[in-house]
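This briefing covers helix packing, chain-level totals and selected residues. Please keep the sequence and the model in view while reading.

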Amino acid sequence: MRGRGRRWATVAGATAAVVLGAGCGPGAGTAGGAAAAFGRQTAHAEIVAAVKKGGLPKSDLPGIGGPTPSGSTPLPTPSTDRQRLEERAYACTAAWQYVGPPVDGSRGAFEKAVTALVAEGWVQGERQVEKIGVKGGTMLQFTLRKRGWVMYARHAGVSQSLSMEMISLNATETACVDRFTEQEKKALFGEDAEPG
């Protein structure tokens, strides 16, 4: 994908490696004062609502498509440095993903979901379409931002080679990501991880 959005999600051909989870830091819960903080639970709830409004296919991936952040399900205690690092990265995101056979109308449903997110105050930035694979697959990506979060919304369809598609809405809390050192990012995402 030529490095765009490689920080926290990668689409290569029709496969995806995505760090999934739900928020950290002061924005992760509710805050006192006049306005509640925008955190992982709110981001996740808005993603799930947009998926429903858009009419996207049901996600059968465990802990991703449900009504609550996957972090609400207890996970085994990390026993290695790598697992502890992954748990910290997992806590920086709120996400939903579908990977499976093509579903008629899913590209339009995806665009409706993005419109629903914009209606919730996500500011739409860059829109790009890229060819993936050699047999006619394409990926449509939107970048959206809201209150310290960046979302990469992607729809990738490979119809003639693998007959599958991947749809993901992956939001990352910038302040949480900024707590990782460059060495930690390389350990998680390889040498091609983007700085910052």
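In which strand is valine 150 found? Valine 150 is found in strand E6, residues 149-158; helices (H or I, at least four residues) and strands (E, at least two) are DSSP runs, numbered from the N terminus. The model is predicted: local features need pLDDT of at least 70, side-chain atom pairs count only at pLDDT 80 or more, and totals for chains, interfaces and linings use all residues. Residues are numbered from 1 along each chain as its sequence is written, and side-chain values use heavy atoms, with hydrogens and water left out.

**Chain overview**

- The chain contains five helices and seven strands, and their order along the sequence is β-β-α-α-β-α-β-β-β-β-α-α.
- Of the 196 residues in the chain, 44% are buried, where buried means under 20% relative accessible area, exposed over 50% and partly exposed in between (1.4 Å probe, protein chains only).
- Among contacts (heavy atoms within 4.5 Å) between residues at least 6 apart in sequence, 66% join residues at least 24 apart.

**Helix H1 and its packing on H3**

- Helix H1 (residues 40-54) has its axis 8 Å from that of helix H3 (residues 106-119), and the two pack at an angle of about 135°. Axes are lines fitted to C-alpha atoms, for helices over the stretch in contact, and angles run from 0 to 180 degrees between N-to-C directions.
- H1 and H3 are therefore oblique to each other; angles under 35 degrees count as roughly parallel, over 145 as roughly antiparallel, 65 to 115 as roughly perpendicular and the rest as oblique.
- On the H1 side, Glu46, Ile47, Ala50, Val51, Lys53 and Gly54 meet Ala109, Lys112, Ala113, Ala116 and Leu117 of H3.
- The residues of this H1 and H3 contact comprise seven nonpolar, one polar and three charged. Ala, Val, Leu, Ile, Met, Phe, Trp, Tyr, Cys and Pro count as nonpolar, Asp, Glu, Lys and Arg as charged, and the others, Gly among them, as polar.
- The 15 residues of H1 reach 21 Å from the first C-alpha to the last, close to the 21 Å expected at 1.5 Å a residue, the expected span being 1.5 Å times one less than the number of residues.
- Buried residues in H1 are Ala43, His44, Glu46, Ile47, Val48, Ala50, Val51 and Gly54.
- Glutamate 46, in helix H1, counts as buried at 11% relative accessibility.
- Beyond its neighbours within four places in sequence, glutamate 46 is in contact with Phe38, Leu117, Glu120, Trp122 and Lys146.

**Helices H2 and H5**

- The axes of helix H2 (residues 81-90) and helix H5 (residues 182-189) come within 10 Å and cross at roughly 100°, which makes H2 roughly perpendicular to H5.
- Arg82, Leu85, Glu86, Arg88 and Ala89 of H2 make the contact with Glu184, Ala187 and Leu188 of H5.
- By class, the H2 and H5 contact has four nonpolar, no polar and four charged residues.

- Valine 150 counts as buried, at 12% relative accessibility.
- Not counting residues up to four places away in sequence, valine 150 touches Thr143, Leu144, Arg145, Asn170, Ala171, Thr172 and Thr174.
- Valine 150 and threonine 174 are 24 residues apart along the chain, with their C-alpha atoms separated by 7.0 Å.
- Glycine 125 is found in strand E4 (residues 123-132) and is partly exposed, with a relative accessible area of 44%.
- Glycine 125 and arginine 145 are 7.6 Å apart in space, C-alpha to C-alpha, and 20 residues apart in sequence.
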